[in-house]
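Open the structure in a viewer and keep the selection tool ready. The stops below can be taken in order.

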Amino acid sequence: MGMWNEVVSMFLNTLTPKFYVALTGTSSLISGLILIFEWWYFRKYGTSFIEQVSVSHLRPLLGGVDNSSPTNSNSSNGDADSNRQSVSECKVWRNPLNLFRGAEYNRYTWVTGREPLTYYDMNLSAQDHQTFFTCDSDHLRQADAIMQKAWRERNPQARISAAHESLELEDCATASILLAEEEATTIVEAEKLFKQALKTGEGCYRRSQQLQHHGAQYEAQHRRDTNVLVYIKRRLAMCSRKLGRTREAVKMLRDLMKEFPLLSMFNIHENLLESLLELQNYADVQAVLAKYDDISLPKSATICYTAALLKARAVSDKFSPEAASRRGLSTAEMNAVEAIHRAVEFNPHVPKYLLEMKSVILPPEHILKRGDSEAIAYAFFHLQHWKRVEGALNLLHCTWEGTFRMIPYPLEKGHLFYPYPICTETADRELLPTVFHEVSVYPKKELPFFILFTAGLCSFTAMLALLTHQFPELMGVFAKAFLSTLFAPLNFIMEKVESILPSSLWHQLTRI
């Protein structure tokens, strides 16, 4: 056995039960701290800290190869196109059906004590208001100058006071808009203020229309007056829709789209689609979709899911999954299922809200296309339309999860659309009140290996520490037996080395 076995035996005999308790307890504490940090980092950033450090810093040091560089010009162009599409899809859009702050959002706060809008969302709205409702010539009119400052004001009461001050000087359309949005506590009050704003806004629009070609200043003023007029007419149509005058709302929206056909970025057609669905005027809904569900136009959850609803309506009342599995899907059923798969691929968050697997909250003032914020906004207004079509939700329930079999790697490659943008979760956490709403994440993230590993390590060492504390003598015997077994291969190697080397040489080496 030789000198090496004597050294090992001496070392094991000097280890006391207290040493084993301290060793296992310290190991459990360290692994527990690592687990807590890893879990917090994963919840905040969606990735493992250890994994990220190893990939970002250790892999290059170990000679890792970066395969991300394109191999030819064609792949480079494809990557550039994909990146441009990803950037456009991560753009935050104004919610076409956003609620009224005073009459709806604030009433929710008064009842529940919760704030439905985030600071980021309201800040984006403030930027929108400054873009749409102000121009460089506002300093020429005192009322407009006051409103220019009001739109920059963060305090709601200060904004409202400034709007009243502006109206005391003269009629001001943007001041009436602010009061209708933020001070009016009912839709009836808001509609009255918007009608007052419409009268003033139409006069300003006609005057600036005649002068728009006299210089850049007049052109900017006309552009501002156009934005103001479109905004007022749209909100008046929304007031009519909320007050039950849906046919009147449809007429107002159609007239607005005819009067300003180039302002498609306001997505007025989504307001029209929702109102037509409320009237169950499916033929007109199909006509609107035929115009806006075009390959060259940007998509939305409203477009994709409304198209799916219309195709589901044709077969959903007689659809049975058992019968379909026996005889196969008919052509109409196949079209409906494909439309549902297309909609789910565009926004995979919507079905859980439509099927009431997840509770809906008040929609934000801005949405991210293909994100959870868009899904909430769509379900908030369109769930009733799906319920009204017999069997539509049943068909959705039976078929929506089949979408994911066609796109096993949605972040890398899509089926009908570009790959799912990875930026949605971060933007949605800024737009949605995460205090009382759990943001939907797609694709669902699995726990990283290092979190599972540290959880197992922490549990195992904690159990060892407890057993060692309760049964120190017995655990000491087990520890010595384990260490002896662990050192057995090394003992065998050392014995072979002793037998091969001359004893005098081995003695000199041990002395060194």
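The tour goes from a helix pair to an aromatic pair, then to the cavities and a pocket.

This is a predicted model, in which local features need pLDDT of at least 70 and side-chain atom pairs count only at pLDDT 80 or more, while totals for chains, interfaces and linings use all residues. Residues are numbered from 1 along each chain as its sequence is written, and side-chain values use heavy atoms, with hydrogens and water left out.

**Stop 1: two helices**

Helices here are DSSP runs (H or I, at least four residues), numbered from the N terminus, as are strands (E, at least two). Select α7, residues 142-150, and α8, residues 156-169. How do their axes cross? The axes of α7 and α8 come within 9 Å and cross at roughly 175°. Axes are lines fitted to C-alpha atoms, for helices over the stretch in contact, and angles run from 0 to 180 degrees between N-to-C directions. The crossing makes α7 roughly antiparallel to α8 (over 145 degrees; under 35 would be roughly parallel, 65 to 115 roughly perpendicular and the rest oblique).

Now show the side chains in contact (heavy atoms within 4.5 Å). On α7 these are Gln142, Ala143, Ile146, Met147 and Ala150, and on α8 they are Arg159, Ala162, Ala163, Glu165, Ser166 and Leu169. By class they are 7 nonpolar, 2 polar and 2 charged. Ala, Val, Leu, Ile, Met, Phe, Trp, Tyr, Cys and Pro count as nonpolar, Asp, Glu, Lys and Arg as charged, and the others, Gly among them, as polar.

**Stop 2: an aromatic pair**

Select Tyr305 and Tyr378, whose rings form a tilted pair, 5.4 Å centre to centre with 40° between the planes. Rings of Phe, Tyr and Trp (its six-membered ring) pair if their centres lie within 6.5 Å; planes under 30 degrees apart are stacked, over 60 edge-to-face and the rest tilted. Tyr305 belongs to α15 (residues 301-313) and Tyr378 to α19 (residues 372-388), so the pair ties together parts 73 residues apart in sequence. The count of aromatic pairs comes to 12.

**Stop 3: the cavities**

On a 1 Å grid over the protein atoms alone, a cavity is a set of points where a 1.4 Å probe fits but cannot get out; a pocket is an open set with protein on both sides within 12 Å along at least five of seven lines, and lining residues have an atom within 4 Å of a point. Grid points are joined across faces, edges and corners, and a volume is the space filled by probe spheres set on the points.

The search finds 5 cavities of 30 Å³ or more. For the largest, about 120 Å³, select Asn95, Pro96, Glu270, Thr302 and Ile367, which lie nearest its centre among 16 lining residues. α19 gives the most to this lining, with 5 residues.

The second largest cavity holds about 100 Å³; among its lining residues are Arg141, Asp144, Arg224 and Asp225.

**Stop 4: a pocket**

End at the second largest pocket, with about 580 Å³ of space. Of its 23 lining residues, Arg101, Met122, Arg154, Pro156 and Arg159 lie nearest the centre. α6 gives the most to the lining, with 6 residues.
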